[in-house]
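Have the 3D view open while you read, and find each residue as it comes up.

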Amino acid sequence: MRKLLAAAAVALAALSAPAFAEGPKVKLLDVKFSFEGPFGTYDYKAVQRGFQVYKEVCAACHSLSLVAYRNLRDIGLSEAAVKAIAAEVQIRDLNDAGEMAERPGRPADRFRAPFANEAAARAANNGAYPPDLSLMVKARLDGARYLYSLMLGYEDYAKLTDAQKKELKLAADFKLQPNMQFNKYFPGFQIAMVKPLNDGQIAYNEEATTAGIKNDLPQLAKDLTHFLAWASEPKMEERKRTGVKAVIFLLILSGLFYAVKRKVWADVH
Amino acid sequence: MASTQGGPPAFNNAVVRWIDKRLPIFTFMHHEYGVFPTPRNFNYWWSFGGIAMVMLIIMIVTGIVLAMNYTPHIDFAHDSVQRIHRDVNHGWLVQYLHMNGASFFFIAVFIHIFRGLYYGSYKNPRELLWILGVTILLLMMATAFMGYVLPWGQMSFWGATVITNLFSAIPVIGPDIVTFLWGGFSVDNPTLNRFFSLHFVLPFVIVGVVVLHVAAMHVAGSNNPLGIDPKGPQDTLPFSPYYVTKDGFSLLAFLTIFAIFVFFAPDFFGEPDNYIKANPLVTPPHIVPEWYFLPFYAILRAVPDKLGGVLAMFGAIAVLYILPWLDTARVRSARFRPIYKWFFWVLVLDCFILGYCGANPPEGYFVPLSQVATLYYFFHFLILLPVLGKLERPLPLPNSIAESVLKKSAI
Ligand code: HEM
């Protein structure tokens with residue numbers, strides 16, 4: 001019985017595997033994050049640095065509509081810091097006279113989107129639409145590793161050797177379209193986003209530099225991924241903590257019921 | 001049969017006595033769940049009916065809470081589910097329970113159905129019980145399909161588009177039916193609203209059919225692994241405490257596995273694409289339904305003709321309705337059917353192969369594979385079962401349940 005159940009579970013897993021095995025054809029970069037695995041947690045220092053990267057680079061094009069400034073309290077920023085960050089942006093809202101007007105942001109506001117609407121975003125990006133990043137890590141297969149790889153995956157197409165092209169199984173008639181960049185990890189290999197991150201682009205604060213945190217591209221990409229992973233599931237740690245308690249409770253109760261069942265049935269077997 | 005055994009129980013509590021005299025619900029519960037004589041030889045496969053019942057309750061409770069916070073509008077639905085995760089106290093828990101609960105509900109019910117297939121539980125006198133069960137399965141599929149549309153992600157939208165479009169294959173009235181289902185000329189806000197309404201109400205219809213299903217079982221009495229009828233009190237045990245403790249244990253073990261997925265792999269059964277808001281202008285590269293529909297999806301696509309595919313898909317359920325009359329064997333349990341026993345496992349394998357085909361794009365070797373598997377599925381029910389029942393020589397049946405149980409423990 002138990003063996004059958006285990007076999008069924010394995011069969012089910014095998015069955016569902018192909019449904020999930022699609023996505024980018026190229027193997028993603030091998031990188032480890034502290035939030036992976038059943039007990040993994042966020043490294044909030046990394047999340048904070050990642051927020052800085054998002055704010056200084058990605059926020060120019062990508063919205064983060066599900067996150068409010070007040071949520072930054074959860075990554076360890078002080079109330080004063082959150083207020084100051086919110087106040088840096090101007091939010092369009094009704095004023096007391098009932099007219100649309102700009103006012104400084106408040107912690108309760110959601111992150112201000114860089115463009116008023118999709119058409120405006122496309123107009124500013126050669127017709128391409130920079131998607132909202134709130135759920136990006138959940139919305140791609142192996143999302144964290146994908147995002148990290150995407151940041152590092154830009155290549156100069158003109159300089160690719162034939163061997164490299166062959167390795168990527170690039171179609172013979174592949175042509176990089178105007179305004180497009182070559183990226184190894186983007187499905188179809190050409191993306192409308194210019195390489196957003198480069199070595200040394202962000203100046204991390206003194207705390208980070210004294211702790212020996214570099215600001216080369218892999219580090220920036222890793223921190224940014226950490227931030228967006230948090231943004232896509234801010235309740236992950238609570239989920240895992242609750243899970244440990246729930247599973248232990250259920251295991252003990254199962255054991256108890258098994259013992260009672262054995263006792264009850266002892267006289268009829 | 002058994003519900004008339006013994007007189008009314010003596011209740012100690014005066015309030016209970018007062019109520020019971022006017023409306024004998026306590027006597028009813030006592031007969032049907034307290035002393036109800038249950039075959040003494042159930043194995044753990046008999047726990048899955050009760051497990052399915054608990055999953056149904058979990059789905060209804062979590063569903064009601066979700067509905068309190070969900071916004072059925074194409075502009076807000078996708079975000080509202082995320083707001084439940086972020087801004088509703090324990091909303092993430094409720095949403096993950098409901099999302100994974102659907103999968104575990106189907107796991108429980110599929111095991112429950114295959115239990116019935118193995119032990120011949122659909123045979124006389126349990127035909128109607130079985131038919132009510134198949135009806136529950138149909139209702140569950142409709143409910144799950146509409147529920148999956150509600151978060152309004154890419155798979156929600158495109159799944160709904162593909163499946164509702166199937167009805168256009170019906171001659172003459174097909175296109176009108178599709179317009180009627182959509183409430184317009186494409187899957188849009190009216191579709192989302194009617195699906196929400198139906199998704200809310202259908203589970204209560206399921207509750208109604210489950211009540212009939214369980215009532216029918218209490219009339220016919222349970223089947224058991226030997227497939228022979230209990231002959232007297234030595235063959236049965238009172239439901240409480242024997243099966244309360246046994247089913248309680250299996251339920252808790254099942255819930256433990258459920259909890260592991262909810263808390264540690266909540267997106268295991270899901271598609272990343274459904275975390276992208278629905279976009280009618282962008283078709284995802286592969287549109288796949290939820291895993292529990294994959295075998296049916298494979299049957300649908302195995303037939304080269306659209307109408308034929310739709311008929312085959314519904315036919316796969318229709319054969320279950322007439323199964324009690326297709327199987328001509330007089331012996332119920334596969335334990336005593338040396339040949340059927342093997343074909344049962346071939347059918348299980350066939351269903352897994354169909355599921356595997358359904359998960360993959362209909363190209364290359366998946367096309368002939370799904371066609372062969374589909375043919376085999378219908379061959380099993382329509383040809384093998386009627387013929388095998390006539391040809392197979394069953395093993396000798398034991399004289400009674402008690403004799404068989406006691407012999408086993410003596411070895
Ligand atoms: C909402 C889903 C369902 C619930 C809550 C449910 C509940 C139950 C319960 C509590 C029992 C008695 C315990 C047991 O024998 O496992 C039972 C028996 C049974 N169910 Fe279901 N059931 C469901 C779906 C189905 C389906 C889909 C089928 C078949 C297509 C089915 C066929 C049967 C049969 C044949 C029995 C009698 C089994 C026997 O006595 O050997 N049920 N059901």
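B:H213 is buried: its relative accessible area is 17%, and the cut-off for that label is under 20%. Keep in mind that this is a predicted model.

- B:H112 sits in helix α5 (residues 91-119) of chain B, while B:H213 belongs to helix α9 (residues 189-220) of chain B, so the two histidines tie together parts that are 101 residues apart in sequence.
- For comparison, the ideal angles for six octahedral donors are 90 or 180 degrees.

**Around the ligand**

- How many residues surround the ligand? There are 22, and the closest are B:H112, B:S121, B:G133, B:H213 and B:N223.
- Both histidines turn up again here: a polar side-chain atom of B:H112 is 2.6 Å from a nitrogen atom of the ligand, and one of B:H213 is 2.7 Å from a nitrogen atom of the ligand.
- B:S121 has a polar side-chain atom too, lying 2.8 Å from an oxygen atom of the ligand.
- Four helices of chain B, α3 (48-69), α5, α6 (127-149) and α9, each give two or more residues to the shell around the ligand.
- Of these, α6(B) supplies the largest share of the shell, with 6 residues.

**Aromatic rings**

- Searching the whole structure turns up 61 aromatic pairs over all chains.
- One of them is A:F174 with A:F182: the ring centres are 5.7 Å apart and the planes meet at 85°, so this pair is edge-to-face.

**Charges over rings**

- In chain A, the charged end of A:K222 sits over the ring of A:F33, 5.9 Å from the ring's centre.
- In chain B, look for B:R115 over the face of B:W46, where the distance to the ring centre is 4.7 Å.

Notes:
Residues are numbered from 1 along each chain as its sequence is written. Chains are lettered from A and ligands numbered from 1 in the order in which they are written. This is a predicted model: local features need pLDDT of at least 70, side-chain atom pairs count only at pLDDT 80 or more; totals for chains, interfaces and linings use all residues. Side-chain values use heavy atoms; hydrogens and water are left out. Buried means under 20% relative accessible area, exposed over 50%, partly exposed in between (1.4 Å probe, protein chains only). Rings of Phe, Tyr and Trp (its six-membered ring) pair if their centres lie within 6.5 Å; planes under 30 degrees apart count as stacked, over 60 as edge-to-face and the rest as tilted. A charge sits over a ring if NZ of Lys or CZ of Arg is within 6 Å of the ring centre and within 35 degrees of the ring normal. A residue is near a molecule or strand if one of its heavy atoms lies within 4 Å of it. A polar contact is a pair of N or O atoms within 3.5 Å; within protein, one must be able to donate a hydrogen and the other to accept it, and residues adjacent in sequence count only if both atoms are side-chain atoms.
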